[in-house]
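Me: I'd like to go through this structure with you piece by piece. Can we start once it is on the screen?

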Amino acid sequence: MAVSVASPLPVSSHRKLLIKLLAVVALAFAFGFALVPLYDVFCLATGLNGKTAGAKAASVGIGGLSQPVTATASRIDANRIITVEFTGTVMPGLPWEMEALTTSLDLHPGELHQARFRVHNLSEKPIVGQAVPSVSPGLAAQHFEKLDCFCFAQQPLAPGETKELPLTFVVKPEIDSDIRTITLAYAFFIVADSTSTAKAPAAWRWF
Amino acid sequence: MNTSTVSNAAAVHDHAHDHAPTGVMRWLTSTNHKDIGTLYLWFSLFMFFFAGALAMLIRAELFQPGLQLFQPTVFNQLTTMHGLIMIFGAIMPSLVGFANWQVPLMIGAPDMAFPRLNNWSFWLLPAAGVLLISTFFVPGGAIAGGWTMYPPLFMQGGIAYDMSILAVHILGVSSIMGAINIIVTILNMRAPGMTLMKMPMFVWTWLITAFLLVAVMPVLACAITMLLTDRNFGTHFFDASGGGDPVMFQHVFWFFGHPEVYIMILPAFGIVSTIIPTFARKPLFGYVSMVYAVASIAFLSFIVWAHHMFTTGMPLGGQLFFMYTTMLIAIPTGIKVFNWVATLWRGSISFETPMLFSLAFVFLFTIGGFSGLVLALVPVDIQLQDTYYVVAHFHYVLFSGSAMAIMGGVYYWLPKWTGHMYDEKLGKVHFWLTAIAFNITFFPMHFLGLAGMPRRIPDYALQFAEFNMIASLGGFLLGASQLLFLYVVIKCVRGGIAAGNQPWDGADTLEWTQTSPPPYHSFVTPPLVK
């Protein structure tokens with residue numbers, strides 16, 4: 001029932017505008033995806049999303065101590081006390097329990113400290129997990145140096161096994177003076193394709 | 001529907017060559033902007049009642065502390081679906097319905113630029129609506145992660161999550177097509193002599209809103225596409241186990257989400273800017289500054305998104321930037337409020353129902369704007385994040401803002417759309433019930449939020465009991481009052497005193513030069529605007 005009526009502008013000008021607007025839509029859609037690498041680069045440059053420097057070492061796959069401990073521990077700022085809190089969560093799909101045995105530490109920047117976590121495999125299968133750290137406030141991340149961390153490597157647990165996991169770290173003295181409390185949170189993820197439990201969450205989520 | 005028969009009859013007279021189908025096929029295949037506008041408005045009214053019913057269930061659960069009616073999962077489904085359906089199913093489609101009816105009539109165009117696209121834009125909505133509502137009946141129930149769809153919660157749910165993402169995709173496509181149609185119509189089809197700065201304010205607000213839609217709906221589509229592939233195809237955009245970052249979703253989402261807030265309020269500004277001059281019998285004060293204010297609000301909406309995320313851990317510089325840009329929005333918004341008040345000054349004001357709704361809008365929306373300023377302050381926001389203060393704030397801008405402006409607009413244009421006057425007495429009763437019940441429902445939520453009651457929780461500590469009971473009683477009254485609205489609208493559609501071409505003596509836009517209801521094909525010969 002399209003009634004052809006006298007419109008002030010010919011239909012061809014509709015089409016031109018339509019094409020321009022569709023281009024805007026396409027650009028906006030592409031922009032949304034472009035935000036992903038932009039975000040990563042931005043976070044890498046500023047350290048805003050709480051990814052610690054140690055996490056980069058993890059991607060190289062180094063497990064143990066790689067540098068002399070005394071080198072970083074030499075400058076201790078005894079005038080400042082920083083509280084470091086520890087917490088751990090197990091993400092859905094990983095039938096483990098995790099607990100921070102060291103819940104918080106008061107320390108001077110530059111001191112070498114160790115914190116311990118305990119993980120327990122609740123299932124009857126061997127499962128490999130991987131911990132991902134996150135530091136908040138995010139700006140503290142670049143000055144939170146992990147010398148040895150269980151998060152550098154994948155952690156296999158036998159059925160029912162309980163394991164203590166250590167973390168050795170230094171809070172560097174260069175850390176911003178207005179930071180008094182740092183929280184280090186670990187999230188344990190199941191390592192894909194190690195077991196058949198990847199699709200398990202669908203069931204327990206609702207019950 | 002009486003409208004249809006009347007306007008069909010008119011169409012037959014005007015265009016004997018026009019073989020319009022009748023019955024259901026008329027509505028399914030219609031490319032007429034008035035038919036499609038009507039469909040949009042009925043659809044959004046249905047969704048308004050559906051999502052409103054969910055709100056009644058929420059208030060019933062919160063009537064007393066403790067879990068009475070629903071398990072927490074079900075409660076979360078109710079809040080999530082209430083928000084999602086109200087935004088995408090009720091407010092947005094109703095505003096597009098207004099645009100369909102009013103934009104061609106107000107600019108003297110015969111129809112929308114792309115009538116078939118218009119038909120498709122509408123008929124995608126019921127499909128999306130059915131898909132969304134049907135999630136209540138799938139295993140695991142409907143989505144329960146909040147309307148903002150944040151991962152990781154949104155990556156863990158069942159099939160309902162995928163269905164809802166698909167439904168939001170469809171709604172987004174519909175919005176984008178509708179927006180493109182509106183832009184082309186406004187830019188290309190204005191009557192001769194109607195320059196951009198002579199356009200009615202409602203048309204201006206919709207033009208800017210349509211540009212916002214075109215710019216940000218694809219970004220939402222992008223964010224939920226990434227959710228969908230994270231859920232189903234093993235990507236790791238937001239999945240921390242694969243190196244993704246859930247906070248990034250919030251950035252992408254709110255880059256859409258904040259302009260979305262203005263998408264829902266700018267056309268409401270336009271409606272109010274049309275009604276107030278009519279009943280104050282004065283031209284709109286500061287028309288040019290109104291246009292620039294709307295444009296600045298639209299621009300600023302792109303650079304404030306992270307004020308929704310002050311608690312995600314942000315450097316001081318970022319917090320200050322987003323705090324200041326957010327507070328900057330108060331300036332163009334303040335200009336609009338002052339212009340409305342200045343329009344009223346020394347006007348010959350009469351208080352018909354549309355005017356009552358508009359005046360309540362100015363007053364209550366300003367309260368919502370002020371609580372928005374409070375929330376823009378970083379240290380305050382960190383305290384109030386995810387409390388009932390936020391719930392109170394956005395209901396003041398979305399219900400007493402958008403929804404009450406929409407109701408005012410419905411009363412204002414119903415005589416034009418149907419040819420009958422609505423029942424003025426019942427309209428006023430509806431207004432006062434709505435305005436009073438709204439404040440009983442939502443004002444106490446400010447106090448609840450300041451006292452620390454978190455949102456999206458089915459149970460609460462005992463000290464919140466009194467205010468919650470007041471809010472629930474107000475909520476039930478508010479819900480029941482809307483049945484009166486439905487009754488008034490149906491009564492008006494079915495008959496009433498003939499409206500005549502110009503029922504409001506102060507109205508001066510082009511639609512009032514047409515008969516009431518306007519002929520099926522109006523402005524076949526473009527009017528000349530001086």
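This is a predicted model: local features need pLDDT of at least 70, side-chain atom pairs count only at pLDDT 80 or more; totals for chains, interfaces and linings use all residues.

Me: ok, how many helices and strands does chain A have?

Reply: Chain A has four helices and nine strands, and read from the N terminus on, the elements run α-α-α-β-β-β-β-β-β-β-β-β-α.

Me: and what share of chain A is buried?

Reply: Of the 207 residues in chain A, 27% are buried. As for its contacts, if you take those between residues at least 6 apart in sequence, 76% of them join residues at least 24 apart.

Me: in what order do the strands sit in the open sheet?

Reply: The open sheet has five strands of chain A in the order S3-S1-S9-S5-S7, and the pairing is mixed. Strand S3 (104–107) and strand S7 (155–157) of chain A are at the edges, where each has a single partner strand, so one side of each has no neighbour in the sheet. From one strand to the next, the twist averages 25°.

Me: you said mixed, so do S1 and S9 of chain A run parallel or antiparallel?

Reply: Strand S1 (residues 82–90) and strand S9 (residues 181–190) of chain A are parallel, and eight bridges pair them. To find one of the bridges on screen, look for A:Thr87, whose partner in S9(A) is A:Ala185.

Me: what about S5 and S9 in chain A, parallel or antiparallel?

Reply: Strand S5 (residues 127–136) of chain A runs antiparallel to S9(A), and eight bridges join them; here A:Val135 is the residue opposite A:Leu184. S5(A) is also joined to S7(A) by three bridges, again in the antiparallel sense, with A:Gly129 opposite A:Gln155 in S7(A).

Me: switching to A:Asn121, is that buried or exposed?

Reply: A:Asn121, which is in strand S4 (residues 112–121) of chain A, is buried, because 22 other C-beta atoms lie within 10 Å and the cut-off for a buried residue is 20 or more.

Me: which residues does A:Asn121 touch, leaving out those up to four places away in sequence?

Reply: Leaving those out, A:Asn121 touches A:Trp96, A:Ile127, A:Leu157, A:Ala158, A:Pro159, A:Gly160 and A:Glu161. A:Phe169 is 48 residues from A:Asn121 along the chain, and their C-alpha atoms are separated by 26 Å.

Me: now chain B, which residues of H11 are buried?

Reply: In H11(B) the buried residues are B:Phe322, B:Met323 and B:Thr326. Seen down the helix axis, they fall within an arc of 105°, so they line one face of H11(B). On the other side, B:Leu316, B:Gly317, B:Leu320 and B:Tyr324 are exposed.

Me: why would residues a few places apart point the same way?

Reply: An α-helix has 3.6 residues a turn, so residues three or four places apart point the same way.

Me: and what covers that buried face of H11(B)?

Reply: The cover over the buried residues of H11(B) includes helix H13 (353–376) and helix H14 (378–384) of chain B. H11(B) itself, residues 316–328, has 13 residues and reaches 18 Å from its first C-alpha to its last, close to the 18 Å expected.

Me: last topic, which residues have the most contacts inside the largest nonpolar core?

Reply: They are B:Val203 and B:Ala223, in a core of 178 residues. Not counting residues up to four places away in sequence, B:Ala223 touches A:Gly32, B:Phe249, B:Val252, B:Phe253 and B:Phe256. A second, separate core has 33 residues, among them A:Leu94, A:Ile127, A:Phe144 and A:Ile182.

Definitions and conventions
Residues are numbered from 1 along each chain as its sequence is written. Chains are lettered from A and ligands numbered from 1 in the order in which they are written. Two strands pair if DSSP finds at least two bridges between them. Helices (H or I, at least four residues) and strands (E, at least two) are DSSP runs, numbered from the N terminus. The expected span of a helix is 1.5 Å times one less than its number of residues. A residue is buried if 20 or more other C-beta atoms lie within 10 Å of its own, exposed if 12 or fewer, and partly exposed in between; C-beta atoms are placed from the backbone. The arc is that of the directions from the helix axis to the C-beta atoms. Two residues are in contact if their C-beta atoms, placed from the backbone, lie within 7 Å. Axes are lines fitted to C-alpha atoms, for helices over the stretch in contact, and angles run from 0 to 180 degrees between N-to-C directions. A nonpolar core is a set of buried Ala, Val, Leu, Ile, Met, Phe, Trp, Tyr and Cys residues joined through C-beta atoms within 7 Å.
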